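Here is a short tour of a structure, written for a reader who likes to follow along by eye. Please keep the sequence and the model open as you read.

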Amino acid sequence: MLETKDLTIRFGGHVAVNSVSCAFAPGTLTAIVGPNGAGKTTYFNLISGQLKASAGTVSLDGQSLSNLSPSARTHAGLGRAFQLTNLFPNLTVLENVRLAVQATRTGAHRRGMNLWSIWSDHTALTVRADELLEQVKLKEKEYSTVASLPHGDQRKLEVALLMALEPKVFMFDEPTAGMNAAEVPVILDLIRSLKADPSKTILLVEHKMDVVRELADRIIVLHNGQLVADGEPAEVIASPIVQEAYLGMAKEAAA
Ligand SMILES: Nc1ncnc2c1ncn2[C@@H]1O[C@H](COP(=O)(O)OP(=O)(O)OP(=O)(O)O)[C@@H](O)[C@H]1O
Ligand SMILES: [Mg+2]
């Protein structure tokens with residue numbers, strides 16, 4: 001169980017995330033919605049440790065993560081999509097995924113430093129990396145360098161890397177943003193398949209309400225940094241606060 005208690009961050013006088021207390025259970029997909037600037041990405045950054053909270057705590061399965069670095073939180077089971085800028089842009093797609101797989105299988109290479117074990121580990125890593133690339137439909141790009149990938153393929157690679165880590169908690173922040181219509185279903189299918197695994201906890205920030213309606217078991221709404229609604233999708237979507245927030249957004253977009 002991932003849990004935040006009174007999680008808060010202030011930027012100067014502005015409270016971007018304001019005392020958010022919420023628990024996310026394995027086997028559930030929670031959509032986090034709310035207008036632009038509501039604090040959704042900031043909430044993710046506080047959970048993953050990219051930002052340090054002004055107050056409040058984050059824990060996973062009873063273990064406090066509050067004082068851990070982002071990489072220690074990843075090690076504890078939190079999966080946040082990689083920033084591709086942190087990768088090796090001049091290595092190939094396959095090499096990058098293989099490194100991510102290797103990172104989760106520490107110890108295998110210590111079985112013995114003979115050529116046979118190095119070769120067999122390398123083969124196993126390549127097999128797993130290939131599977132992941134098949135799943136995100138990037139197999140035909142496996143020998144392209146990351147730097148050469150178009151935007152949609154980079155987003156797919158981010159998801160493959162996240163899956164390579166086999167985290168307990170998957171955090172997706174607008175995973176299909178900037179993708180073309182043909183690429184979106186690949187990502188949504190993957191999220192659907194992750195959802196079928198009852199040990200995984202999924203958090204999804206998503207603006208597209210049709211996607212949210214289909215995938216979410218639960219919706220929470222952030223507004224001005226505060227948690228203002230939490231419940232069944234149909235009920236939350238129909239609530240005045242969501243109608244107002246999204247109608248407000250539609251007005252802004254039209255302006
Ligand atoms: N590092 C920062 N320094 C100062 N202000 C910040 C910082 N990060 C976020 N903010 C502010 O915090 C508020 C919440 O931003 P956040 O990016 O979390 O919103 P969001 O809900 O993800 O919006 P969107 O739907 O547009 O992605 C905004 O007012 C933003 O300007
Ligand atoms: Mg955001």
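Helices (H or I, at least four residues) and strands (E, at least two) are DSSP runs, numbered from the N terminus. This is a predicted model, in which local features need pLDDT of at least 70 and side-chain atom pairs count only at pLDDT 80 or more, while totals for chains, interfaces and linings use all residues. Residues are numbered from 1 along each chain as its sequence is written, and chains are lettered from A and ligands numbered from 1 in the order in which they are written.

Six strands make up an open sheet with mixed pairing, in the order 6-7-8-3-9-10; two strands pair if DSSP finds at least two bridges between them. Strand 6 and strand 10 are at the edges with a single partner strand each, so one side of each has no neighbour in the sheet. From one strand to the next, the twist averages 20 degrees. Strand 7 and strand 8 run parallel and are joined by five bridges, and Phe-172 has Leu-204 in strand 8 as its bridge partner.

| Strand 6 | 78-80 |
| Strand 10 | 226-231 |

A residue is buried if 20 or more other C-beta atoms lie within 10 Å of its own, exposed if 12 or fewer, and partly exposed in between, with C-beta atoms placed from the backbone. Helix 1 is largely enclosed by the rest of the structure, because eight of its nine residues are buried. Among them are Lys-40, Tyr-43 and Phe-44. Just after helix 1, Gly-49 has a positive phi of about 95 degrees.

Now for the ligand. The residues around ligand 1 (C-beta atom, placed from the backbone, within 6 Å of it) include Phe-11, Asn-36 and Lys-40. Helix 1 contributes the most to this shell, with three residues. Asn-36 lies in the loop between strand 3 and helix 1. Is Asn-36 buried or exposed? Asn-36 is exposed, with 10 other C-beta atoms within 10 Å. Asn-36 and His-223 are 187 residues apart in sequence, yet 9.0 Å apart in space, C-alpha to C-alpha.

Note on methods. Axes are lines fitted to C-alpha atoms, for helices over the stretch in contact, and angles run from 0 to 180 degrees between N-to-C directions.
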